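Dear colleague,

My notes on it follow directly after.

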Amino acid sequence: MRCLVVDDDPLAIQVIQSCIIHTDFLESAGSCSSAIEAAATLRTTPVDLLFLDVDMPEMTGLDLLDTLTEPPMVVLVTSSRDYAVAAFEHRVVDYLVKPVAYARFLKAAQKALETAQAAPTPAAAAPASTDHTFVKVDSKLVRVGFDDVHYVEALGDYVHIVLGQQKLIVYSTMRAVEEKFPAQQFVRIHRSTIVNLRYVQAIDDNAVVIDGKHLPIGQTYMRDVLQRLNKF
């Protein structure tokens with residue numbers, strides 16, 4: 001697997017590169033001293049695995065991941081233990097705390113190799129069968145079943161995930177929520193609203209009715225909403 005090391009600390013890069021050299025199934029694709037440099041490198045260089053520092057100036061490692069539409073596998077490498085939740089949310093392969101010992105590095109590398117070997121080929125890929133996701137509410141990760149979500153509304157920097165009588169307030173963007181929720185079950189009806197097709201009671205005066213509440217349909221979304229409802 002081709003590996004790219006991203007860290008603003010030259011010594012940390014040297015340590016990880018030495019670990020890569022001593023691991024027979026890994027190959028170095030170079031290193032970058034900033035997330036901005038890494039973003040440019042990833043546009044032109046095939047990479048299977050990132051060893052990515054979190055705390056970097058101008059753009060953090062997590063910021064970099066948020067800009068990538070199809071990121072490679074990622075192992076976070078950081079001096080702090082405070083990024084465990086963020087690592088979970090970004091679905092990284094593993095999480096290494098500096099200083100990195102080779103035995104711990106090898107365990108992370110083997111986990112990445114197992115993940116790569118277990119991944120289906122494009123022809124064999126199937127829709128994900130998971131029926132839930134996790135969202136961050138305050139300092140907790142809360143499990144949310146897709147079938148329980150009636151609709152999602154944006155409010156400033158937050159989104160409200162409405163589950164019948166319960167409402168979860170999550171610091172997130174609508175785009176991030178849309179990517180987590182299965183497209184076959186949810187549809188965006190407005191730039192600030194996503195609905196679960198299973199709970200749509202009616203279309204009334206350019207609005208979707210769910211739980212008796214009228215949720216306006218944006219003009220640019222109307223055609224797609226009607227097509228999705230006819231196929232659901």
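Tyr171 is found in strand β10 (residues 166-171); helices (H or I, at least four residues) and strands (E, at least two) are DSSP runs, numbered from the N terminus. Tyr171 is exposed, with a relative accessible area of 60%. Here buried means under 20% relative accessible area, exposed over 50%, and partly exposed in between (1.4 Å probe, protein chains only). Together with Tyr158 and Ile169, Tyr171 makes a nonpolar surface patch of about 350 Å². Patches consist of residues with over 30% relative accessible area and no salt bridge, with like charges joined within 9 Å and nonpolar side chains (Val, Leu, Ile, Met, Phe, Trp, Tyr) within 5 Å. A salt bridge is a side-chain nitrogen of Lys or Arg within 4 Å of a carboxyl oxygen of Asp or Glu. Accessible areas come from the Shrake-Rupley method with a 1.4 Å probe, and for residues only the protein chains shown count as cover.

Please note that this is a predicted model, in which local features need pLDDT of at least 70 and side-chain atom pairs count only at pLDDT 80 or more, while totals for chains, interfaces and linings use all residues. Residues are numbered from 1 along each chain as its sequence is written, and side-chain values use heavy atoms, with hydrogens and water left out.

As to the chain overall, seven helices and 15 strands are present. Of its 232 residues, 44% count as buried. The C-alpha atoms fill a box of roughly 65 × 40 × 30 Å along the principal axes.

Gly164 is found in the loop between β9 (158-163) and β10. Gly164 is partly exposed, at 28% relative accessible area. Neighbours within four places in sequence aside, Gly164 is in contact (heavy atoms within 4.5 Å) with Asp148 and His150.

Thr193, by contrast in topic, has its place in strand β12 (residues 193-196). Thr193 is buried, with a relative accessible area of 4%. Leaving aside neighbours within four places in sequence, its contacts are Val152, Glu153, Met174, Val187, Arg188 and Leu215.

Turning to aromatic residues, a search of the whole structure finds six aromatic pairs. Rings of Phe, Tyr and Trp (its six-membered ring) pair if their centres lie within 6.5 Å; planes under 30 degrees apart count as stacked, over 60 as edge-to-face and the rest as tilted. The rings of Phe51 and Phe105 are stacked, because their centres are 4.9 Å apart and their planes are at 25°. Since Phe51 lies in strand β3 (residues 49-53) and Phe105 in helix α5 (residues 102-118), this pair ties together parts that are 54 residues apart in sequence. Both Phe51 and Phe105 are buried. Phe181 and Phe186 form a tilted pair, 4.8 Å centre to centre with 50° between the planes. Ring pairs also link Phe51, Tyr102 and Phe105 into a cluster.

Helix α2 (residues 35-44) has Ala35, Ala38, Ala39, Thr41 and Leu42 as its buried residues. These residues pack against β1 (2-6), β2 (27-32), β3 and α3 (61-67).

Finally, an open sheet of three strands has the order β13-β14-β15, with antiparallel pairing; two strands pair if DSSP finds at least two bridges between them. Its edge strands, β13 (202-203) and β15 (213-216), each pair on one side only.

Yours sincerely
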